[in-house]
Amino acid sequence: MKQLEKPKGIWGTILLPINNNQIDWPAFEEQIHILCDSNVYGIYTNGTAAECHNQTETEFDKLSEIVSSIALKKKKKFQLGLSHTNPRICRERAKRMVSLKPNGFQITLPDWWPPTFNESKNFILGMQEVVEDVYMILYNPPHAKVLLSLEEISLLQKSAPNLVGIKCVGGDEQWYSKRRELLDDFSVFVPGHTVVYGKPLGANGSYSNVACLSPNGAVKIWDLIEKDYEKAKALEAKVLNFMKQYILPFASKLSNTGLDKLLASVGGWGPVSEKVLWPYDGATAEDVEKIKEQANIELEEILNAVS
């Protein structure tokens with residue numbers, strides 16, 4: 001088995017442009033080209049922002065094929081999200097998608113009923129059997145029914161060599177200390193608005209919510225951490241304050257998907273609106289315009305970061 005890459009850096013999520021409650025495929029392709037030409041280390045499909053929980057299998061196959069075709073031509077690293085509450089569907093997706101030559105797969109634990117640790121291990125081993133030489137990233141978001149401990153993640157890593165990383169919420173200094181002890185040769189991805197704190201302690205990158213707002217802006221903050229830590233800290237603080245003041249008030253009526261698409265539409269870097277697929281609610285166009293005015297004032301340096 002070949003040595004598997006350990007991914008790092010800022011990765012940009014692919015979102016779903018929606019028109020009349022259908023995916024707008026020409027706009028979808030345009031978005032992929034924009035992200036491939038941006039500074040993000042790679043792109044990925046089917047996280048929360050990309051409405052992984054609300055796609056048909058036909059849509060899943062089509063968007064995966066489009067992403068693979070464009071990313072391979074542009075030599076951009078890409079990961080395909082296989083996440084599904086049904087573990088058998090997730091496994092069948094992996095069998096179909098290996099031919100698209102992704103750099104990695106993102107997976108979530110079965111989520112209709114909270115799996116025991118042994119069931120989680122069974123799932124990871126079953127995925128290991130079918131992913132061939134494609135690495136796996138386990139997405140364990142804060143709303144998952146089972147949140148794994150670092151000790152449990154370490155045991156899963158030892159049983160499945162293709163499992164090279166995790167996307168999780170991160171933690172405090174004690175958490176990062178244990179992460180370095182137990183998962184030294186393992187990629188840990190944390191939320192985009194926490195990378196300035198996390199990178200010096202051992203975060204390897206982010207599947208970034210800040211990249212929803214500005215792909216190049218998120219990379220700028222990441223790169224500044226080693227070049228000018230205080231400036232990176234100041235920029236991240238601006239983003240946090242902006243989110244707290246203008247985005248989080250919507251959390252009582254929008255899903256995380258709705259919040260991410262609100263960020264993307266405010267950022268205005270691609271053909272993605274605030275709309276989400278039925279039956280979920282998104283922000284309104286009026287909300288976007290009001291928040292965009294503030295973003296252009298408060299986050300100008302981040303929004304205007306260039307390739």
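Colleague: How far is the sulfur of C52 from the closest cysteine sulfur?
Modeller: The C52 sulfur lies 10 Å from the one in C90, too far for a bond. This is a predicted model: local features need pLDDT of at least 70, side-chain atom pairs count only at pLDDT 80 or more, and totals for chains, interfaces and linings use all residues. Residues are numbered from 1 along each chain as its sequence is written, and side-chain values use heavy atoms, with hydrogens and water left out.

Colleague: And C168, what is its closest cysteine sulfur?
Modeller: That of C52, at 17 Å, again too far for a bond.

Colleague: Is C52 buried or exposed?
Modeller: C52 is buried, at 16% relative accessibility. Buried means under 20% relative accessible area, exposed over 50%, and partly exposed in between, with a 1.4 Å probe and protein chains only. C168 is buried too, at 12%.

Colleague: Switching to N209. Where is it?
Modeller: N209 is in the loop between β10 (205-207) and α8 (210-213). Helices (H or I, at least four residues) and strands (E, at least two) are DSSP runs, numbered from the N terminus.

Colleague: Buried or exposed?
Modeller: N209 is buried, with a relative accessible area of 17%.

Colleague: What does its side chain reach?
Modeller: The N209 side chain reaches the backbone nitrogen of G192 at 3.0 Å. It also makes a polar contact of 2.9 Å with the side chain of H193. A polar contact is a pair of N or O atoms within 3.5 Å; within protein, one must be able to donate a hydrogen and the other to accept it, and residues adjacent in sequence count only if both atoms are side-chain atoms.

Colleague: Which residues does N209 touch, leaving out those up to four places away in sequence?
Modeller: P191, G192, H193, M243, D260 and L263. Contact means heavy atoms within 4.5 Å.

Colleague: D260 and L263 are in which helix?
Modeller: α11, where both are among the buried residues. That helix spans residues 256-267 and reaches 16 Å from its first C-alpha to its last, close to the 16 Å expected at 1.5 Å a residue. The expected span is 1.5 Å times one less than the number of residues.

Colleague: How many of its twelve residues are buried?
Modeller: Ten, and α11 is mostly covered. The cover includes β2 (18-19), α8, α10 and α12 (285-298).

Colleague: What comes just after α11?
Modeller: G268, with a positive phi of about 65°. Just after α2 (residues 57-74), K75 takes a positive phi of about 55°.

Colleague: Now the largest nonpolar core. How many residues?
Modeller: It has 92. F28, I43, L82, F105, I107 and L138 have the most contacts inside it. Helix α10 (residues 229-247) gives the most to this core, with seven residues. A nonpolar core is a set of buried Ala, Val, Leu, Ile, Met, Phe, Trp, Tyr and Cys residues joined through side-chain atoms within 4.5 Å.

Colleague: What is L82 in contact with, beyond four places in sequence?
Modeller: F60, C90, R93, A94, M97, F105, Q106, I107 and M127.

Colleague: Last one. How many helices and strands in the chain?
Modeller: 13 helices and ten strands. The radius of gyration is 18 Å, close to the 19 Å that the globule rule gives for 307 residues, so the chain is as compact as a globular protein of that length. That radius is taken over C-alpha atoms, and the rule is 2.2 Å times the number of residues to the power 0.38.

Terms used:
Disulfide = S-S within 2.5 Å.
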